[in-house]
Amino acid sequence: MALLDIQNLQLAMRSYEGETQILHGIDLTIERGEIWGMVGETGSGKSLTGLSVSRLIPSPPGRYLAGTIDFAGKDLLKASDRDMRALRGRHIGMIFQDPTTNLNPVFRIGTQLVDVALHAGHNDPSILGLSKDASRGAMKKAARKTAIEMLDKVGIPNASARIDDYPHQFSGGMRQRVLIAMAMVGKPDLLIADEPTTALDVSVQAQILRLIHDLVAERNIGVLLITHNLGVVAQICTHVAVMYRGRILESGPVRDVLKHPTHVYTQALLDSVPTVHTKRGELRGLSGLSQEASA
Amino acid sequence: MSLEIENVTKIFGAPRSGIIEPGQGFTALDNVSLSVKKGGSFGLVGESGSGKTTLTKCILRLESLTAGTICFEGQDIHALSKADMRRLRARMQIVFQDPYASLNPRMTIHDIVAEPLIIHRDTVPMTAKQRTERVVELLVQVGLGTEHLFRYPHEFSGGQRQRIGIARALAVNPELLILDEPTSALDVSVQAEVLNLLHRLQDELGLTYFFISHDLGVIRYVCDEVAVIYRGKVVEQGSVEEIFDHPKDEYTRMLLNAMPDPDPDLSPFHR
């Protein structure tokens, strides 16, 4: 059975000007061990698809018109808030775009990580290596140990000392690693990464991509990677879905889609990426298409 | 027009370490020498914190230098008087990175683009009517129209805002345009359009570009000369072909390898 199965997802958003349909029937199936890339321009609905999976779209203004999101045999759209809280952080991990705004500047890294570890531990003490009837003190201790292990795993040198640092003492790449550690601490089955490397340098981006790749290989999890960078998709994704104005235009194994795109839009997107081989005058925008999209 | 940057060093002061002893200071630029030719596009590549933006601030004399000289057409800009510097600024303009933050949300597009014309009224004397005509001309030049004149920045998409930023920079007919990561906040498709616009403007107006980016693909596309900067030091410079096809420095090679190519077969993860 698939890890995540999105069928005909339709989402509308309410504003002063009335209700606008944002997602027009998204179908997506993610198996364990797959890294799905979701590409598209700003406003194409890729982030909202990601947020829908963890049910982080407030309602109102959001409203689901139709569709199901099956995760581990449960329809997430019908799950209670209580069930969702148990899933988030434990079974579904999320990484967001901007590492500078997603860590609380007034709390130590450790405090924030241990918080997540404790939350996951309350749901399932085995994550912290404890039995059900462990004491609070033992939980806290184990949570801190798990947090240090996770920081170490994502490549923060001298993790046991740095866990007591504040976010401003970390560089952008390190902060993104902390966020990945935070997402992975509950040992999730599905990781949703919304533009995890957009705010980072290429050299750091390469390290973060390697990290995500290794985590998938090691834990056999599924990943939904939302990005507008086709280079990143080509690098680590096994599958890709191209989104445009709330629809998936084309999806499939990454080689098929990027090497032999069947849709003009995919080809146009590929043509607008400057690579080290692009010569002057060869780059094509997609003026007609993108103006329509921004309208 | 030519821009010569010679042995520029910039050290930012640090807080005193004791009561009297001065702090160590941070060397943001370490003996940087570059030469930008008229009519060309010079690219500066480096990761965040490497000193790219500090160098642009030094060129615009928004920061003072610790050592070295920056000469614009033979005159040392850091030795000029304030009035002379203001006149010179009309000849070098900057386009900022974030089009969402660099336009005043309470000004109309007309006022935003006309502002440099008012500031530099000594260099480019114009009546109010002439200014409006010039603004319209500029908007058309960057691919916008008269219908956009009295709108506010929030009504525009990222790509359109960056076009407004470019129009504002071009208002006083500069010779040198400094572009500080002008497309890093934009989608690839929109980025492609802005880059092509920059190409066209260079052909039409004979501009010289000083282009800063951490995206090697963009640099390759826009520039003909490039310098790679790492921790305040220029590690390698030369023509674009030379650097991209035969990089000599270890760091340059690492940067080139780290750049994700949209061809899945070139990925280290797909075997």
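Me: In β7(A), which residue is the bridge partner of Ile92(A)?
Reply: This is a predicted model. Strand β6(A) and strand β7 (residues 190-194) of chain A run parallel and are joined by four bridges. In β7(A), the partner of Ile92(A) is Leu190(A).

Me: Which strands are at the edges of the six-stranded open sheet of chain A?
Reply: The strand order in this sheet is β6-β7-β8-β3-β9-β10, with mixed pairing. From one strand to the next, the twist averages 15°. An edge strand here pairs on one side only, and the two that do so are β6 (92-95) and β10 (247-253) of chain A.

Me: What angle does the direction of helix α1 (residues 46-53) of chain A make with that of β8(A)?
Reply: The helix packs on the sheet and touches β3 (35-39), β6, β7, β8 (222-227) and β9 (239-244) of chain A. Its direction relative to that of β8(A) is about 150°.

Me: At what angle to β6(A) does α6(A) run?
Reply: Helix α6(A) lies across β6 and β7 of chain A. Its angle to β6(A) is about 170°.

Me: Which residues touch the most other members of the largest nonpolar core?
Reply: This core has 153 residues. Helix α6 (residues 172-184) of chain A gives the largest share of the core, eight residues. Ala147(A) touches, among others, Leu113(A) and Val185(A), not counting residues up to four places away in sequence. The residues that touch the most other members are Leu113(A), Ala147(A), Ala181(A), Val185(A) and Val223(A).

Me: Why is one side of β2 and of β5 of chain B left without a neighbour in the sheet?
Reply: The open sheet has four strands in the order β2-β1-β4-β5 (chain B), and the pairing is antiparallel. One side of β2 (26-36) and of β5 (75-76) lacks a neighbour because each stands at an edge with a single partner strand.

Me: In β4(B), which residue is the bridge partner of Leu3(B)?
Reply: Strand β1 (residues 3-12) and strand β4 (residues 67-72) of chain B pair in the antiparallel sense over five bridges. In β4(B), the partner of Leu3(B) is Phe72(B).

Me: Which residues of β7(B) are buried on each of its two faces?
Reply: Strand β7 (residues 176-180) of chain B has five of its five residues buried. In a regular strand, side chains alternate between the two faces of the sheet. One side of β7(B) holds Leu176(B), Ile178(B) and Asp180(B), and the other holds Leu177(B) and Leu179(B).

Me: Which residue of β8(B) stands opposite Leu176(B)?
Reply: On the β6(B) side, β7(B) pairs in the parallel sense over four bridges, and Met92(B) stands opposite Leu176(B). Five bridges join β7(B) to strand β8 (residues 208-213) of chain B, also running parallel. In β8(B), the residue opposite Leu176(B) is Thr208(B).

Me: Which helices do the buried residues of α3(B) pack against?
Reply: Helix α3 (residues 109-119) of chain B has buried residues including Ile109(B), Ile112(B) and Leu117(B). The buried residues of α3(B) pack against α4 (128-141) and α5 (158-170) of chain B.

Me: Which helix supplies the largest share of the side of chain A that touches chain B?
Reply: Here 37 residues of chain A are in contact with 31 residues of chain B. Helices α7 (202-219), α8 (230-236), α9 (254-259), α10 (264-271) and α11 (287-294) of chain A each supply at least two residues of that side. The largest share, six residues, comes from α8(A).

Note on methods. Residues numbered from 1 in each chain as written. Chains lettered and ligands numbered in written order. Predicted model: local features only at pLDDT ≥ 70, side-chain atom pairs only at ≥ 80, totals over all residues. Buried ≥ 20, exposed ≤ 12 C-beta atoms within 10 Å, placed from the backbone. Contact = placed C-beta atoms within 7 Å. Core = buried A, V, L, I, M, F, W, Y, C linked by C-beta atoms within 7 Å. Pairing = 2+ DSSP bridges. Axes fitted to C-alpha atoms, helices over the stretch in contact; angles between N-to-C directions.
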